[in-house]
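Please keep the sequence and the model in view while reading.

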Amino acid sequence: MNLIAWMIIACEIAFWIVIILGLATRYMFKKQKLSFFILALTPVVDFFLLIVTSVDLYRGAKATYAHAIAAVYIGISIAFGKSMIQWADERFQYYVIKSGEKPRRRYGKEYAKHYFKSWIQHLVAYAIGAALLAAMMHIVPNGKTNVLQNVVEFWTVIVGIDFLLSLSNFVWPKKEKESGYTNS
């Protein structure tokens, strides 16, 4: 595994450590300002990965799927970061602190709207990631960027499929599963 692949793994671990540390600081130590500061460090993790990836390519490294995944990771992290923190916050409150409401599942139109909002975030992630991939293709000195282009093309198809899935939720809404128990 190359340096960039290890950096992606390290950044993903760092991202979740920062979130857990921020939430623990907020709820267990009751330090709101410090918690906000810690949670605000999540984009720093992405920025670090962007710098390492860019420098690696600029110095002549052959563009690999790891470089492409770094751009995808950054796009997803920026577009979904706030909602991922909110998701973790709700679960941390309920499962760790034992306060607040149990995170609820969505069904029907509510689920369809939520999924569509998620698709919009996916589109934003795609725009950011594709822009980063285009920038990487520009800075690679040897011009060997087929891998990066392949990822953009594949991701374009994935965003399209995700859009169709999003629309299907309005046509065929997700229904709550019936429990196997009956009241008799």
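Is Arg-104 buried or exposed? Arg-104 is exposed, because its relative accessible area is 52% and the category begins over 50%. Arg-104 also takes part in a salt bridge with Glu-110, in which the closest N and O atoms are 2.4 Å apart. Shared partners extend this contact, so that salt bridges join Arg-104, Arg-106 and Glu-110 into one network. Glu-110 itself has a relative accessibility of 34% and therefore counts as partly exposed.

The model is a predicted one. Its protein chain has 184 residues, of which 38% count as buried. The secondary structure consists of six helices and zero strands, and the order of elements from the N terminus is accordingly α-α-α-α-α-α. Taken along the principal axes, the C-alpha atoms fill a box of roughly 70 × 45 × 25 Å.

In an unreviewed entry, UniProt lists residues 6-24, 36-58, 64-81, 123-140 and 152-172 under "transmembrane region". Two of these spans can be set beside the geometry of the model. Residues 36-58 are 91% helix and 0% strand, with the end C-alpha atoms 34 Å apart. For residues 64-81 the model gives 94% helix and 0% strand, and the end C-alpha atoms lie 25 Å apart.

Lys-30 is found in the loop between helix H1 (3-27) and helix H2 (32-39). Although Lys-30 is not a glycine, its phi is positive, at about 55 degrees. Lys-30 counts as exposed because its relative accessibility is 60%. Lys-98 occupies the loop between helix H4 (65-97) and helix H5 (108-139). Lys-98 is likewise not a glycine, and its phi is positive at about 65 degrees. With a relative accessibility of 65%, Lys-98 therefore counts as exposed.

The salt bridges of the model deserve attention next. How many salt bridges does the count give? The count comes to four. One of the pairs is formed by Arg-26 and Asp-89, whose closest N and O atoms are 3.1 Å apart. This pair links distant parts of the chain, since Arg-26 belongs to helix H1 and Asp-89 to helix H4, 63 residues apart. Both Arg-26 and Asp-89 are buried. Another salt bridge is made by the side chains of Arg-91 and Glu-90, with an N to O distance of 3.5 Å. Arg-91 counts as partly exposed because its relative accessibility is 23%. Glu-90 has a relative accessible area of 36%, so Glu-90 is partly exposed as well.

Charged side chains also gather on the surface. Lys-102, Arg-105, Lys-174 and Lys-177 form a patch of positive charge there. One of its members, Lys-177, is placed in the segment after helix H6 (146-171). Lys-177 has a relative accessible area of 76% and is therefore exposed.

Phe-154, Val-157, Ile-158, Ile-161 and Leu-165 make a nonpolar surface patch of about 460 Å². Ile-158, which lies in helix H6, is partly exposed because its relative accessible area is 32%.

The C-alpha atoms of Leu-167 and Tyr-115 are separated by 9.0 Å, although the two residues are 52 residues apart along the chain.

Notes: Residues are numbered from 1 along each chain as its sequence is written. This is a predicted model: local features need pLDDT of at least 70, side-chain atom pairs count only at pLDDT 80 or more; totals for chains, interfaces and linings use all residues. Side-chain values use heavy atoms; hydrogens and water are left out. Patches are made of residues with over 30% relative accessible area and no salt bridge: like charges are joined within 9 Å, nonpolar side chains (Val, Leu, Ile, Met, Phe, Trp, Tyr) within 5 Å. Accessible areas come from the Shrake-Rupley method with a 1.4 Å probe; for residues, only the protein chains shown count as cover. Lys and Arg count as positive and Asp and Glu as negative; His and the chain ends are not counted. The place of a charge is taken as NZ of Lys, CZ of Arg, CG of Asp or CD of Glu. Helices (H or I, at least four residues) and strands (E, at least two) are DSSP runs, numbered from the N terminus. Buried means under 20% relative accessible area, exposed over 50%, partly exposed in between (1.4 Å probe, protein chains only). UniProt positions are given in the numbering used here, feature names are shortened, and annotations may be inferred rather than shown by experiment.
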